[in-house]
Amino acid sequence: MKALTLKAKNYRNIKELTINPDPGVNLICGDNAQGKTNLIEAIWLFTGCKSFRGSKDSELVSFGEERADLEFEFFSGGREQSAEIHIDKKRSGTLNGVKMQSVREMIGVFRAVAFSPIHLNIVKGSPEERRKFIDMAVAQSRPLYAKSLAGYNKVLKQRNMLLKSLYSNPSLADTLDIWDDRLASYGADIIIYRYEYTEHLKKEAVQIYEGLSSSKEEFTFEYVPTIRNIVTDGDNLSEIKADRGKIPFDESGKPQYSEIKRRLYMNLVKHRKDDISNGTTSCGPHRDDFEIKVNSVSARSFGSQGQQRSCALALKLGEAEVLKKLTDTSPVILLDDVMSELDPSRQDYILNRIKDKQVFITCCDSIPALNMCAGKIFEVKNGEIREYTKK
Ligand code: ATP
Ligand code: MG
């Protein structure tokens, strides 16, 4: 996967730009608020995902302009391809000259992994941030996952609507069974996808963290699904505490779909009363979490800034490695402001780790290690970009 040419017009503070990046390292330097993040955000949009900054499409158009236009040539799937994205009230685009129904069609066509300060929320933020990270990562490598997830979310919404109406109309309670069964089916798919992805990811991330910390710290990453093992005992439902959050496996060591589905269903049944009075579904994959630890303690509660940054980076660079293994091609790496807060040995490790991929790195200072690597340097000033010739 390589970005070959990017053209942008009226994109945020970039009036007009054409760049031909290096197939290796591209260093994007400049003072604060000059347009460095804007540049890599423009490349990111060709993954088909929304801005990693969580911005609305309309915010991407330069102030006072009607629309923004991006043109992109890239190498993917063994050939050169081209895409355009136009943003006015919403996004539209073409892929190899053909109009796309939705820019989401680019998912899996151009693959990139971005790391920006906002991704520190994977470590510091709520479980929702971790689920978002894993969901996006699984979807890029396993496009069918997005379908299971959309199915689950749709059924969850319908179940929640039913719960709210049950309060005033209890006779509808019988229909809960159908929704619980569907929710458990989609939910079991999601748990298995997340589990399998996490197994790949943790292998890579542990190794990267070890390199980042020069083997001085131990990093662990675990999937913590909310499923509990509920059994019936006459009319009572009781929980087997020893199995809390554990995934059941079959004899060959694979997650056992039927048992996961049964547990999810039983969890839904057990919590029905509370769910009806709260008008919301209290258990299932929409409440899953992922545990990130350094030296056996929670990185969220006890990690230093550098450790938290290293955890997020290990997970993001791990995501790139998993994508490479599962899809046979390296994604493009977009690193926004990663070097700050990292000591020189961690900076060196990152540069070595990514040198086989195309990478875009933004930074304010001229970091000596970066200047020494082969590749191109771009200087960004007030939305204008020029290639800087190394001395
Ligand atoms: P930092 O080093 O602080 O991260 P940066 O170079 O990454 O800075 P960007 O985030 O790329 O800076 O933003 C550059 C400028 O773009 C900001 O001054 C911001 O106000 C401006 N900007 C953002 N959106 C728009 C827009 N829609 N139209 C015009 N300017 C915009
Ligand atoms: Mg920035």
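Begin by selecting Cys-363, which at a relative accessible area of 4% is buried (buried means under 20% relative accessible area, exposed over 50% and partly exposed in between, with a 1.4 Å probe and protein chains only). Cys-363 is in no disulfide, and the nearest cysteine sulfur, that of Cys-29, is 4.8 Å away; a disulfide here is a pair of cysteine sulfur atoms within 2.5 Å, and by this rule the count is zero.

Before going on, note that this is a predicted model, in which local features need pLDDT of at least 70 and side-chain atom pairs count only at pLDDT 80 or more, while totals for chains, interfaces and linings use all residues. Residues are numbered from 1 along each chain as its sequence is written, chains are lettered from A and ligands numbered from 1 in the order in which they are written, and side-chain values use heavy atoms, with hydrogens and water left out.

Next, select strand E3, residues 25-29 (strands, E, of at least two residues and helices, H or I, of at least four are DSSP runs, numbered from the N terminus). Five of the five residues of E3 are buried, so the strand is largely enclosed by the rest of the structure. Val-25, Leu-27 and Cys-29 are buried on one side, and Asn-26 and Ile-28 are buried on the other.

Then move to helix H4 and select Asn-160, which is buried, with a relative accessible area of 16%. Asn-160 touches Gly-279, Thr-280 and Thr-281, not counting residues up to four places away in sequence (contact means heavy atoms within 4.5 Å).

Finally, show the largest pocket, which holds about 1200 Å³ of space. A pocket is an open set of points on a 1 Å grid over the protein atoms alone, where a 1.4 Å probe fits, with protein on both sides within 12 Å along at least five of seven lines, and lining residues have an atom within 4 Å of a point. Of its 46 lining residues, Arg-131, Lys-132, Phe-133, Asp-135 and Met-136 are the closest to the centre. Helix H3 (127-141) gives the most to this lining, with nine residues.

Technical notes. Grid points are joined across faces, edges and corners, and a volume is the space filled by probe spheres set on the points.
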